[in-house]
Amino acid sequence: MRKIAMTLLVFVMIVAGSSSAFAATAMEPDSSSNPNIFYAPNDYFTGTISSYSDTDYFRWTNDTGSAKTYWVYLYNLDDPSLDYWIYSVSASGSSPGSFSQYFDQMGRECWTVYVPANSVLNVEVRASDPSKVNPTSRYEIVLRSVPPAP
Ligand SMILES: [Ca+2]
Ligand SMILES: [Ca+2]
């Protein structure tokens with residue numbers, strides 16, 4: 001009986017672990033050839049912008065086997081008045097993706113992204129204004145499977 005309970009517990013832990021979103025601190029230095037990687041929808045990163053010249057790079061490869069529509073959501077966690085922005089959204093692959101801004105508000109911005117199967121989504125985050133950079137103020141960026149409330 002104990003062995004069955006242990007087996008069940010391990011199974012539940014594996015299922016819980018595989019379904020929980022991946023969360024990490026955005027690495028620095030990063031680059032277009034060494035970006036932060038989303039592994040699955042609802043993974044998110046916490047990052048900072050060290051200076052106006054800092055660009056943060058994020059990537060997701062659509063290895064799901066079918067085209068996906070997701071939402072890339074960026075928000076300033078500590079200070080919305082900094083109003084960091086999604087500087088670039090693009091996809092590389094044999095068929096082009098499509099992208100449209102879902103909303104843009106002070107301190108938060110969201111893009112709808114259509115990513116064909118096997119295409120690679122690339123997103124860049126920057127400060128929007130040289131006078132609005134705080135290297136200790138955090139933002140979060142999430143690859144969402146459902147849109148956030150505008
Ligand atoms: Ca950074
Ligand atoms: Ca960077």
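Is Asp83 buried, partly exposed or exposed? Asp83 counts as partly exposed, because 17 C-beta neighbours lie inside 10 Å. The rule is this: a residue is buried if 20 or more other C-beta atoms lie within 10 Å of its own, exposed if 12 or fewer, and partly exposed in between, with the C-beta atoms placed from the backbone. I will come back to Asp83.

Some ground rules. This is a predicted model, in which local features need pLDDT of at least 70 and side-chain atom pairs count only at pLDDT 80 or more, while totals for chains, interfaces and linings use all residues. Residues are numbered from 1 along each chain as its sequence is written, and chains are lettered from A and ligands numbered from 1 in the order in which they are written.

pLDDT is the predictor's confidence in each residue, from 0 to 100. For the protein chain the mean pLDDT is 90, and 87% of the residues reach 70 or more. A contact means that the C-beta atoms of two residues, placed from the backbone, lie within 7 Å.

Now the overall layout. The protein chain has 1 helix and 10 strands. Helices (H or I, at least four residues) and strands (E, at least two) are DSSP runs, numbered from the N terminus. Along the sequence the pattern reads α-β-β-β-β-β-β-β-β-β-β. There are 150 residues, of which 23% count as buried. Among contacts with a separation of 6 or more, 72% are between residues 24 or more positions apart.

Next, the sheets. Two strands pair if DSSP finds at least two bridges between them. One open sheet has 6 strands in the order E1-E3-E10-E5-E8-E7, and its pairing is mixed. Its edge strands, each pairing on one side only, are E1 (23-25) and E7. On average, neighbouring strands here are turned by 15 degrees against each other, direction ignored. For such angles, axes are lines fitted to C-alpha atoms, for helices over the stretch in contact, and the angles run from 0 to 180 degrees between N-to-C directions.

Take E10 in this sheet. Strand E3 (residues 44-48) runs antiparallel to E10, with 5 bridges joining them, and Tyr44 has Val142 in E10 as its bridge partner. E5 is also antiparallel to E10, joined by 6 bridges; there Trp71 stands opposite Arg144. Further along, E7 and E8 run antiparallel with 7 bridges, and Phe103 stands opposite Cys110 in E8.

Another open sheet has 4 strands, ordered E2-E4-E9-E6, again with mixed pairing. E2 (36-38) and E6 are the edge strands, each pairing on one side only. Neighbouring strands in this sheet are turned by 25 degrees on average, direction ignored. E2 and E4 pair in the parallel sense over 3 bridges, and Asn36 stands opposite Phe58 in E4.

What about the inside? A nonpolar core is a set of buried Ala, Val, Leu, Ile, Met, Phe, Trp, Tyr and Cys residues joined through C-beta atoms within 7 Å. The largest one has 26 residues, and Val72, Leu74, Tyr84, Val125 and Ile141 have the most contacts inside it. The elements giving two or more residues to this core are E4 (56-61), E5 (68-76), E6 (85-92), E8 (108-115), E9 (120-126) and E10 (138-144).

Last, the loops. Most residues other than glycine have a negative phi, and most peptide bonds are trans. Back to Asp83, in the loop between E5 and E6: its phi is positive, near 55 degrees. Asn118, in the loop between E8 and E9, also has a positive phi, about 70 degrees. Asn118 is partly exposed, because it has 15 C-beta neighbours inside 10 Å. A cis peptide bond, with omega about 0 degrees, joins Glu28 and Pro29, and Pro29 lies in the loop between E1 and E2.

Finally, Met106 sits in the loop between E7 (98-105) and E8. Met106 is exposed, because 10 other C-beta atoms lie within 10 Å. Beyond four places in sequence, Met106 is in contact with Pro80, Ser81 and Asp83. From Met106 to Leu82 the C-alpha distance is 8.1 Å, although they are 24 residues apart in sequence.
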